[in-house]
Amino acid sequence: MPITADFHLHSSFSGDSDTPMEKMILRGIDLGLEQMCFTEHNDFDYPVDDSHPAGFWEVNPDAYLYDLLKLREKYADKITLLFGVELGLQPHLSKRNAAFAKAHDYDFIIGSSHLCNGKDPYYASFYEERTQEDAYREYFESILENLKAFSNFDVYGHLDYVVRYGPQKDEGYSYELYREIFDKIITKLIDMEKGIEVNTGGLAKGMRDVHPCSGILKRYRELGGEIVTVGSDAHVPEQIAHAFDRAGEILKDCGFRYYAVYEKRQPVFHKL
């Protein structure tokens, strides 16, 4: 396995995982990983309902860091453990997210879009009374708005996350169909000196390609982008480092020769 660092992981400190952090770490060690970065969810202002009470998507960073530091010391001779967070971005949350990001010394921050104009693409209601293409386009346009409003992150996570949940998922989907908006996003990321996460979580859910799709990754490289991290988006041990061999081949096919890991918010490059 040429990629030995998983930089998108969730444990029971995220609302949608019940897995103890130590159990995730032990699985990573068994797989031969050299580094694991936990990126627990923090999505402010998520709509409250019966299954998502207030604060469901908000991590307690002090409790999270306390446990991570204990486990970092316990397994120091076996694996390097990093302190990350996955911030849910929306323009109106920029000041709140900025304060959150500055409150702790994170090694790595993923900026992600779990909500699009206050709506979650996970639910069928996001796609009702319009075409899938229109729904996807709204989601991608919202990413550009996030980039204009917020910059304190290192990579943008699962850039085309919406295609996991559309009526036809990734059927008929491609970079070319949304070229105009994707090129604006990619150019903005490069201008901001931000990277893109290669997320294999969709492959575990039956998708045909990684997030973002190979077309986006190739275009990012063509335009001069160099920073890519790799993460499984695992919430259970069985998903850790899922399809990393395939991710490595996709990256090389798209023109990349290195992937990045982060420590203290600085990228370090490793050969694929």
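G231 is buried, with a relative accessible area of 0%. This value, like the others below, comes from a predicted model. The glycine belongs to strand β7, which covers residues 228–231. Setting aside neighbours within four places in sequence, G231 contacts D6, F7, H8, E197, V198, N199, T200 and F244. The separation between G231 and P91 is 140 residues in sequence and 25 Å in space, taken from C-alpha to C-alpha.

The strand that holds G231 is part of a sheet. Strands of a sheet pair through backbone hydrogen bonds, in either a parallel or an antiparallel sense. Here seven strands make an open sheet with parallel pairing, and their order is β1-β2-β3-β4-β5-β6-β7. The edges are formed by β1 (5–9) and β7, each of which pairs on one side only. Within the sheet, strand β4 (residues 108–112) runs parallel to strand β5 (residues 155–156), and two bridges join them.

Among the residues touched by F153 are I109, I110 and G111. F153 is itself a member of the largest nonpolar core, which has 85 residues. Which members of this core touch the most others? They are F38, F140, F153, Y173, I185 and L217. Helix α4 (residues 132–149) supplies the largest share of the core, with seven residues.

A separate pairing involves strands β8 and β9. Strand β8 spans residues 258–263 and strand β9 spans residues 266–271; the two pair in the antiparallel sense over six bridges. Together they form a hairpin with two residues between them. K264, in the turn, has a positive phi of about 55°. Y262 is bridged to P267 in β9.

The residues of that bridge turn up again in the lining of a pocket. Y262 and P267, along with E193, K194 and I227, lie nearest the centre of the second largest pocket. This pocket has a volume of about 240 Å³ and is lined by 15 residues. Strand β9 gives the most to this lining, with three residues. By class, the lining of the second largest pocket has seven nonpolar, three polar and five charged residues.

Rolling a probe the size of a water molecule over the atoms shows where empty space is left. The largest pocket holds about 390 Å³ of space. Its lining has 21 residues, and D16, W57, Y122, Y161 and Y165 are those nearest the centre. How do the residues of this lining divide by class, and how many are nonpolar, polar and charged? There are seven nonpolar, seven polar and seven charged residues in the lining of the largest pocket.

Cavities are the remaining topic. The structure holds one cavity of 30 Å³ or more, and the largest cavity has a volume of about 30 Å³. R164, G201, A204, K205, S232, D233 and Q239 line the largest cavity. One nonpolar, three polar and three charged residues make up this lining.

Methods. Residues are numbered from 1 along each chain as its sequence is written. This is a predicted model: local features need pLDDT of at least 70, side-chain atom pairs count only at pLDDT 80 or more; totals for chains, interfaces and linings use all residues. Side-chain values use heavy atoms; hydrogens and water are left out. Helices (H or I, at least four residues) and strands (E, at least two) are DSSP runs, numbered from the N terminus. Buried means under 20% relative accessible area, exposed over 50%, partly exposed in between (1.4 Å probe, protein chains only). Contact means heavy atoms within 4.5 Å. Two strands pair if DSSP finds at least two bridges between them. A nonpolar core is a set of buried Ala, Val, Leu, Ile, Met, Phe, Trp, Tyr and Cys residues joined through side-chain atoms within 4.5 Å. On a 1 Å grid over the protein atoms alone, a cavity is a set of points where a 1.4 Å probe fits but cannot get out, and a pocket is an open set with protein on both sides within 12 Å along at least five of seven lines; lining residues have an atom within 4 Å of a point. Grid points are joined across faces, edges and corners, and a volume is the space filled by probe spheres set on the points. Ala, Val, Leu, Ile, Met, Phe, Trp, Tyr, Cys and Pro count as nonpolar, Asp, Glu, Lys and Arg as charged, and the others, Gly among them, as polar.
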